[in-house]
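Trainee: Please take a close look at one part of this model. I would like a helix pair first, then another helix of that chain and its surroundings.

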Amino acid sequence: MPGKLKVKIVAGRHLPVMDRASDLTDAFVEVKFGNTTFKTDVYLKSLNPQWNSEWFKFEVDDEDLQDEPLQITVLDHDTYSANDAIGKVYIDIDPLLYSEAATVISGWFPIYDTIHGIRGEINVVVKVDLFNDLNRFRQSSCGVKFFCTTSIPKCYRAVIIHGFVEELVVNEDPEYQWIDRIRTPRASNEARQRLISLMSGELQRKIGLKVLEMRGNAVVGYLQCFDLEGESGLVVRAIGTACTLDKLSSPAAFLPACNSPSKEMKESPLAHPPSHGCRSTHNSPIHTATGSRLTQNFSVSVPTLIYTGMGSGSAGKEGGPFKALLRQQTQSALEQREFPFFTLTAFPPGFLVHVGGVVSARSVKLLDRIHNPAFVGIMGNTRSYKLLDWNSFNSDEPETRDAWWAEIRQEIKSHAKALGCHAVVGYSESTSICEEVCILSASGTAAVLNPRFLQDGTVEGCLEQRIEENLPAGCGFCHIPYDELNMPFPAHLTYCYNCRKQKVPDVLFTTIDLPTDATVVGKGCLIQARLCRLKKKAQAEANATAISNLLPFMEYEVHTQLMNKLKLKGMNALFGLRIQITVGENMLMGLASATAVYLAALPMPGGIQIAGKTPSDGSYEQHISHMQKKISDTIAKNKELYEINPPEISEEIIGSPIPEPKQRSRLLRSQSESSDEVTELDLSHGKKDAFVLEIDDTDAMEDVHSLLTDVPPPSGFYSCNTEIMPGINNWTSEIQMFTSVRVIRLSSLNLTNQALNKNFNDLCENLLKSLYFKLRSMIPCCLCHVNFTVSLPEDELIQVTVTAVAITFDKNQALQTTKTHIEKSLQRASTDNEELLQFPLELCSDSLPSHPFPPAKEHLESARSNSGIPAAQRAVTVEKASPMGEGNFRNRSAPPCANSTVGVVKMTPLSFIPGAKITKYLGIINMFFIRETTSLREEGGVSGFLHAFIAEVFAMVRAHVAALGGNAVVSYIMKQCVFMENPNKNQAQCLINVSGDAVIFVRESELEVISTQQPTANCQQSCAGGEVTT
Amino acid sequence: MTSELDIFVGNTTLIDEEVYRLWLDGYSVSDAVALRVRAGILEQTGATAAVLQSDTMDHYRTFHMLERLLHAPPKLLHQLVFQIPPSRQALLIERYYAFDEAFVREVLGKKLSKGTKKDLDDISAKTGITLKSCRRQFDNFKRVFKVVEEMRGSLADNIQQHFLFSDRLARDYAAIVFFANNRFETAKKKLQYLSFGDFAFCAELMIQNWTLGAVDSQVDDMDMDLDKEFLQDLKELKVLVADKDLLDLHKSLVCTALRGKLGVFSEMEANFKNLSRGLVNVAAKLTHNKDVRDLFVDLVEKFVEPCRSDHWPLGDVRLFLNQYSVTVHSLDGFRHQALWDRYMDTLRGCLLRLYHD
């Protein structure tokens, strides 16, 4: 009996009127955990009841603590009839189970009803006493910390990054159970919410166990998703990166006592000496939920494409042997892992050695219906609130959900290998389901990693040092990881424009964030490729075959669009690439988003040339040349807009001839993961110097047109889908996170691919335009982490959901002339170095006596000596606008909002808050809500309904964070927003799943005030602080 | 391609002041879009009409959802659904409860009943304010009235506490509630020249001096109802005009004091008895509810109009009224000095405010 959960119900407010006669409510509360229920007294005739209950105590084992949510139900007492439910609050008590996170949950929670929405608030206090000593604690998966953040959380350092963890659990969807025909929509929704909450808890616990097995203590980049497979069931799956994290203590030492109730700690018996002495292994057996009753009798593996940098070149001279050595070593670290995948998108300095390119794999599967009448009988044998272990009666199924994913991951792994990479970073998985067809997708960036972080400090130091010496900062990751002599495909390579020593591709696509030390010219911008393909309606196998036949063409077209748009912007690399393929009844949609940048290390992209196939007609020629001019103008305009002025490089300095940069797009197509031979498909448009578009038919014309219809954001606006905007690093503190949803209905007449593409394009463009308009008061600002999600809820409906954050920045600083640039970057380099020192590297100082990272300064020196200024002149060292106090950043942080009150909770999809420092992570927020209405018109139609629901979801997230003692959610993501309507019946239903990390942050300006008050603070610091505050 | 659903939800609720004003003014979405276009927003921002339409719809929906909370402003502060900075919350409340001068002049002193609500179409037609906006303003008056009508304590304070108004707005509402409760006539033609500000000024003086609250701060409705006892007592003042000696003495004292100081001395001397009779009779009549309602009509008829027809400058009116009320203290035969002061101090203030063109 390892834990005691204590709950106190304090009061309610703003309750709805439940008794029409008196206009009042006789409310009481049921507190339920597992199978135990307590009740408060009835508080008669009040809309603001004060229950002030005793402490309700639940004695439970830790498995339940992790799986079960605390369920609080507010009811209206009725003497004569059944008590009416007002609403519920589910509280995930997981954050109370980590020693470092929150110690008490206390605050006002919105009372939520799936039919009526939020109905008043309830004040609750929750505590957990864990009856286990610290050793025992470590053995249980309770102690494992979870982070949604896809980088090492700000107040931790990574000791070891262990690698990939994944798990999935399966259950029947309550919405599709026979009982759903007789129960109310409310009961059905609540059963679903509860089940998913339970499944998430179980999933998290199981992942935790895997992490402990790997000897880690945390999961970073935790991504949990639901697959609502309809009649065939409900899958909850999660992936993440297991790490061993150490808390950074230094800068937090002088933090103000934050409102987190950490003093309560002493109440917890945690502090007790290990008197129990129970070092026994945890009582929850590790069983992988491989089971699935979702049989699969049909599966199509889709040939997959690898996007890489292209170009071909002669073999490198010096790179070869060294790379082999490196590969050999890191392979030993990674080979023992089944999947050397990392869900991280940003890394500790030095972690990422080379990036190969994007690898992705998709597979079309058919979901099978339930054929298992034995199901109900078996259900009766288990405890009602426990999940079924499908293995027990479904073990004979050859294909399981786990196997499906394993297959895809294998494929990804082999793709990475083909690119000479031993690992995949920025890895993510997704599904798209329509009826019984399901597309599983996985993508990531093939990479070579520094083994130092991957294992305990047993690495030989000498090699590492070599690595670092060989890697000039800012371009090292661009260097090709594959062996030029032994390339799996012909490619155009050039010598790195930065260091001149290694080969680089001419274009680089990745799914990760821009590395902090990357050298970028100008600013970046959001690029999207959008595509629709009509598909005949079909059933089962025929449908799956049709889809899998379409997929390669879609991938190819998406890739071509991305390439064209990238060139149109005059840039040469994509970061944060995310390609989403959505399947509907009669169409497939592809949406790719990425942030384009100009990497100084890569060659300048060539232009786009248009060629007509039939140059017989004079007016046609004229038209062509007109188009050509338009495109050239656009490129020139974009270069100006994004300040792309790469330094000219004279040949003499380089010494060796640079192979002529040739821009070609190549596609690597592999049939299956097992086959070693790689069939390749050279789909480039001939061997021409510039990227040539042949407009030989109307389709191609459309392509060219669509290229030119993308309107750049209005002046003062920038947008990207990565964490930070390359080229902007002076954020001010104002942030606005938002979600925008649009659904359009296509006219069913004359649906052609072209019309569809245009509609979809307009939808996305208009949505972006609306965002720019709405947020115009924040100019100058940048939309960061713009995340588009497309779904096809019905035949003729397209739904696009966007979540992003708008961050203001200081325009004057942004427009600083190049004069001060070198000075600035020198300063920054030194601050960077200081920062690095406090970063994890000290942990390996025993194995590495010398300073492991000479990067920034050396890079600058080399850059200068190389070219006598110009090379570095316009090069901006992109630095992560991390809240960790860089000097330059501090100066720019705006004074805190004068009116900010205690209750404000910030939300952001980013891992940081500009102008502030995260001092504590309080735990993961992972919430699932269902809202349904049978009075759609009365609630303002579909827009009114969804608007209110999303606002309510935000409110519930904020309330939970506030109750944990936090003031922000970082790495917030809306993973799912499934909206269904039936206007004829006046009904609608929506499911939303959100997650993020609850944190406490302190404004930097406040930090400085404190630091000046510190007697120990040195003079310089306090002077700087004083300047800022005046 | 038609848009089925189009929403934008920010973690911090976006409030566009311009759109809020249009919404409060009761314009439909399409009218509001047209007005925004006319204001040149498309040129300024480079947006399209569709973007503007979507933006306006979105704001209207937000306001619609907020409206329920605005009906009880403390709820807006404590609710968790919309995260709005305090300064914005104050703005939302203040603007929602703001009213049009033209509208308030139409309903000031009227019973806030269903009957009056029916007349809103006429008011809308007459004032050019949209019916929607008229309804909102009327409902605001009524809502505030209902909440504070049976409360103890200062009227303005109660309003401020329950509706979180600014000081200025709370005092205006106190006046509106006070007028509605006492049903003062303000619509007569001869009162048309008076502004809401004039009446609000008078209301404040009357609340301070003539209500129950002026003597006892522990009664319900203390600031809403006039002190009945005081009104009864006012009959005693009749002696000032009924007793001929007293009237003559009063007149001679005033004339002595003002001789040479008043530009309109002769007119004053000639009119003294009429004016004094008018002012004292107004007091004496206040026992009847009907006469209470006609207070402002009487004041204008019996004092403002005669003075104005003789072209008294405001300075002279002030001198006269001061002297007129002060000299009563020198009338030996008059025993109700305190009563006189309570009546005349307020009345003097009101008359000076009401005396303009």
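Mentor: Start with helix H17 (residues 265-285) of chain B and helix H19 (residues 295-309) of chain B: their axes come within 10 Å and cross at roughly 175°. Axes are lines fitted to C-alpha atoms, for helices over the stretch in contact, and angles run from 0 to 180 degrees between N-to-C directions. H17(B) and H19(B) are therefore roughly antiparallel (over 145 degrees). From H17(B), the contact (heavy atoms within 4.5 Å) uses B:Leu275, B:Gly278, B:Leu279, B:Val282 and B:Lys285. H19(B) contributes residues including B:Leu299, B:Phe303 and B:Pro306. Eight residues of this contact are nonpolar, one is polar and three are charged. Here Ala, Val, Leu, Ile, Met, Phe, Trp, Tyr, Cys and Pro count as nonpolar, Asp, Glu, Lys and Arg as charged, and the others, Gly among them, as polar.

The model is predicted: local features need pLDDT of at least 70, side-chain atom pairs count only at pLDDT 80 or more, and totals for chains, interfaces and linings use all residues. Residues are numbered from 1 along each chain as its sequence is written, chains are lettered from A and ligands numbered from 1 in the order written, and side-chain values use heavy atoms, without hydrogens and water.

Now helix H1 (residues 17-24) of chain B. At the N-terminal end, B:Asp16 caps H1(B), with a side-chain oxygen 2.9 Å from the backbone nitrogen of B:Glu18. B:Gly26 follows H1(B), with a positive phi near 85°.

Note on methods. Helix = DSSP H or I, 4+ residues; strand = E, 2+ residues; numbered from the N terminus. Parallel < 35°, antiparallel > 145°, perpendicular 65-115°, else oblique. Polar contact = N/O pair within 3.5 Å; in protein donor to acceptor, adjacent residues only side chain to side chain.
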